[in-house]
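The sequence and the model come first, and the description follows.

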Amino acid sequence: MNDRSAGIGRAGMGARPVRPGADVTASAAVRYALVPVPRLSLDTVAHRSGLHPDLIRRFVALGLVDAERDAAKHLVFDPTAPAVLARIQRLRSGLCLNYASIGLVLDLLDRISLLEAALRRAGTRSETPPWT
């Protein structure tokens with residue numbers, strides 16, 4: 001949870017892990033989007049997810065959901081935020097986990113997804129289907 005205190009949102013959500021000894025300057029290059037990425041307001045995310053805006057703000061403060069601030073200092077979210085919130089709610093209700101545990105489970109699921117993607121790229125695949 002140390003990487004979450006640096007900013008708003010989950011650090012592992014879209015970031016690539018940096019290998020020890022890797023050239024950090026190459027991975028920290030500035031990238032410019034050709035098309036502006038659509039952002040969702042807090043009210044839109046609350047409406048689409050069916051959650052109260054205060055609960056979503058709490059999830060942002062806990063680092064469970066990625067969010068940024070716009071020029072007016074309002075929270076804006078990626079279009080995938082309602083799906084992330086639904087996943088959090090499923091983990092909370094289905095497994096009776098507290099929010100700290102949900103953060104750990106989400107990080108582990110993200111790592112599993114990265115490892116499975118690496119296996120698919122390498123052409124090596126286990127006989128068992130992915131469980132996620």
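Two strands count as paired if DSSP finds at least two bridges between them. The model is a predicted one. In it, E2 and strand E3, the latter made of residues 75-77, pair in the antiparallel sense over two bridges. Within this pairing, Arg 69 stands opposite Leu 75 in E3.

**Overall fold**

The chain holds five helices and three strands. Along the sequence these elements follow the pattern α-β-α-α-β-β-α-α. The three strands form an open sheet in the order E1-E3-E2, and the pairing is antiparallel. Strands E1 (40-41) and E2 (68-69) are the edge strands, each pairing on one side only.

Of the 132 residues in the chain, 24% are buried. The accessible surface is about 9,600 Å², and carbon and sulfur atoms account for 58% of that area. Among contacts in the chain with a separation of 6 or more, 53% are between residues 24 or more positions apart.

**Confidence**

The mean pLDDT of the chain is 79, and 70% of the residues score at least 70. Over residues 1-9 the pLDDT is below 50, and this stretch has 17 contacts in the model beyond near neighbours in sequence. Residues 11-26 also have a pLDDT below 50, with eight contacts beyond near neighbours in sequence.

An α-helix has 3.6 residues a turn, so residues three or four places apart point the same way.

Gly 63 follows H3 and has a positive phi, near 85°.

**The nonpolar core**

Which residues touch the most other members of the largest nonpolar core? They are Ile 56, Val 65, Phe 77, Leu 85 and Ile 88, out of 21 residues in that core. H2, H3, E3, H4 and H5 each give two or more residues to this core. H4 gives the most, with five residues.

Phe 77 has contacts in several parts of the sequence when its neighbours within four places are left aside. Among them are Pro 38, Arg 39, Leu 40, Ser 41, Leu 42 and Val 45. Phe 77 also contacts Ile 56, Val 60, Val 65, Asp 66 and Ala 67.

Leu 51 lies in the loop between H2 and H3. Why does Leu 51 count as buried? The cut-off for buried is under 20% relative accessible area, and Leu 51 has a value of 13%. Not counting residues up to four places away in sequence, Leu 51 touches Ala 46, Ile 56, Phe 59, Leu 85 and Gln 89.

Pro 82 is found in helix H4. Pro 82 counts as buried because its relative accessibility is 15%. Leaving aside neighbours within four places in sequence, Pro 82 is in contact with Leu 40 and Arg 48.

The table gives the C-alpha separation of each of these residues from one of its contacts.

| Pair | Separation in sequence | C-alpha to C-alpha distance |
|---|---|---|
| Leu 51 and Leu 85 | 34 residues | 8.6 Å |
| Pro 82 and Leu 40 | 42 residues | 9.7 Å |

Conventions:
Residues are numbered from 1 along each chain as its sequence is written. This is a predicted model: local features need pLDDT of at least 70, side-chain atom pairs count only at pLDDT 80 or more; totals for chains, interfaces and linings use all residues. Side-chain values use heavy atoms; hydrogens and water are left out. Helices (H or I, at least four residues) and strands (E, at least two) are DSSP runs, numbered from the N terminus. Buried means under 20% relative accessible area, exposed over 50%, partly exposed in between (1.4 Å probe, protein chains only). Contact means heavy atoms within 4.5 Å. Accessible areas come from the Shrake-Rupley method with a 1.4 Å probe; for residues, only the protein chains shown count as cover. A nonpolar core is a set of buried Ala, Val, Leu, Ile, Met, Phe, Trp, Tyr and Cys residues joined through side-chain atoms within 4.5 Å. pLDDT is the predictor's confidence in each residue, from 0 to 100.
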